[in-house]
Amino acid sequence: LNILRPCALFAGEGPAGKSLVVAMLVLREHCRGDASPFETYLRSLPESYSTMPLLDERPPWSTACADGDHMDVSGYEDKPWMYRGTGVSLLARSGAALSGPAGIRRMRDWMEELDPDRRWWPAGITDDALRWCAASVQSRAHSSKAGGTILIPLADSFNHSPSNPNAEVVQEEHFIKVCALCDIAPGEEVLISYGAFSNAELLFNAGFTCWPNEHDCLLLSPPALVAAAKQRWRCRQQDKAPPLPPDLDRRLQLLIQGLPGPPRLSAAMPLLGAGIPPSVVTLLAGLLLGDDRWREVMEVD
């Protein structure tokens with residue numbers, strides 16, 4: 001813990017440092033095998049995360065369709081083209097996934113920097129082992145009230161219900177407990193809510209989707225937002241509106257600062273209700289302001 005403390009404090013950009021610290025601890029205990037006090041828990045984890053193939057150096061959507069422009073949608077097998085342009089590929093390209101290439105490189109850099117003598121992490125650790133540890137944290141960890149990341153044996157086995165959980169994980173000062181939210185019959189599955197995640201986020205981080213999912217939404221990329229704004233300006237020009245502002249890309253970089261992730265649009269709610277968070281409304285409005293009004297806003301700020 002002491003040698004990893006600087007990594008948690010000075011994580012910088014990219015995959016969350018505190019979560020990768022937990023992945024490094026999982027790796028340490030995994031290397032210890034039967035000598036680890038967490039051996040029973042580690043053996044209970046999946047041997048692989050085959051439902052998370054989206055984090056490879058060459059993700060599925062980068063592969064050309066085998067038969068040209070024809071897209072065979074028979075059966076239920078995943079097809080590479082299904083991911084192109086979706087929130088899943090957007091999340092992967094963000095570089096924030098623990099078990100993605102950036103996360104694996106950072107774990108390996110930490111091992112070489114903090115443990116050059118291989119006292120804690122032996123030589124010969126493969127990228128697959130690093131990816132397994134990172135994927136275990138990415139798909140199973142809880143956020144702590146103190147802002148960190150924790151793995152909770154048993155509680156990390158509960159499945160997710162976006163709208164009808166019957167239990168919740170409660171963090172107290174010195175312990176964690178699971179509380180029922182209603183009467184749970186013998187044999188009934190215990191379900192918790194992982195949070196207000198879209199299906200793209202659930203698929204990317206945990207390898208599943210929920211239907212129905214009241215939190216499902218569209219995840220938008222910056223280029224898509226700029227393209228939509230330009231198209232709107234072109235339509236307005238037909239009504240003799242002001243010309244297209246030349247600085248939309250620069251505006252976007254200013255407006256997008258502070259957003260916790262890709263802008264989200266919900267298809268299940270009114271557009272001017274909870275369907276568009278206030279921060280995204282501000283972003284969209286900023287892209288549609290004329291030059292004079294934009295300069296006024298910038299001067300006020």
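**Helices, cores and a hairpin: a working chat**

Reader: How do the axes of H2 and H5 cross?
Author: The axes of H2 and H5 cross at roughly 65 degrees and come within 11 Å. Axes are lines fitted to C-alpha atoms, for helices over the stretch in contact, with angles from 0 to 180 degrees between N-to-C directions. Helices (H or I, at least four residues) and strands (E, at least two) are DSSP runs, numbered from the N terminus.

Reader: What kind of model is this?
Author: This is a predicted model, where local features need pLDDT of at least 70, side-chain atom pairs count only at pLDDT 80 or more, and totals for chains, interfaces and linings use all residues. Residues are numbered from 1 along each chain as its sequence is written, and side-chain values use heavy atoms, leaving out hydrogens and water.

Reader: Back to the helices. Which residues of H2 and H5 meet?
Author: From H2, Gly17, Leu20, Val21, Ala23, Met24 and Leu27. They meet Gly103, Arg106, Met107, Trp110 and Met111 in H5.

Reader: Which residues have the most contacts inside the largest nonpolar core?
Author: Met24, Val26, Leu27, Met107, Met111, Trp121 and Leu130, in a core of 25 residues. H2 (17-32), H3 (39-44), H5 (101-114) and H6 (127-140) each supply at least two residues of this core. H2 gives the most, with seven residues. A nonpolar core is a set of buried Ala, Val, Leu, Ile, Met, Phe, Trp, Tyr and Cys residues joined through side-chain atoms within 4.5 Å. Buried means under 20% relative accessible area, exposed over 50%, partly exposed in between (1.4 Å probe, protein chains only).

Reader: What is Leu130 in contact with?
Author: Leaving aside neighbours within four places in sequence, Leu130 is in contact (heavy atoms within 4.5 Å) with Leu27, Ile104, Met107, Arg108, Met111 and Ile125.

Reader: New topic. How do S4 and S5 pair?
Author: In the antiparallel sense, over five bridges. Strands pair if DSSP finds at least two bridges between them. A hairpin joins S4 to S5 through four residues. Gln171 has Ile176 in S5 as its bridge partner.

Reader: And where is Ile184?
Author: Ile184 is in the loop between S5 (176-180) and S6 (191-192). Its relative accessibility is 31%, so Ile184 counts as partly exposed.

Reader: Last one. How many disulfides are there?
Author: Zero, taking a disulfide as a pair of cysteine sulfur atoms within 2.5 Å. Cys179 is partly exposed at 24% relative accessible area. Cys182 is partly exposed too, at 41%.
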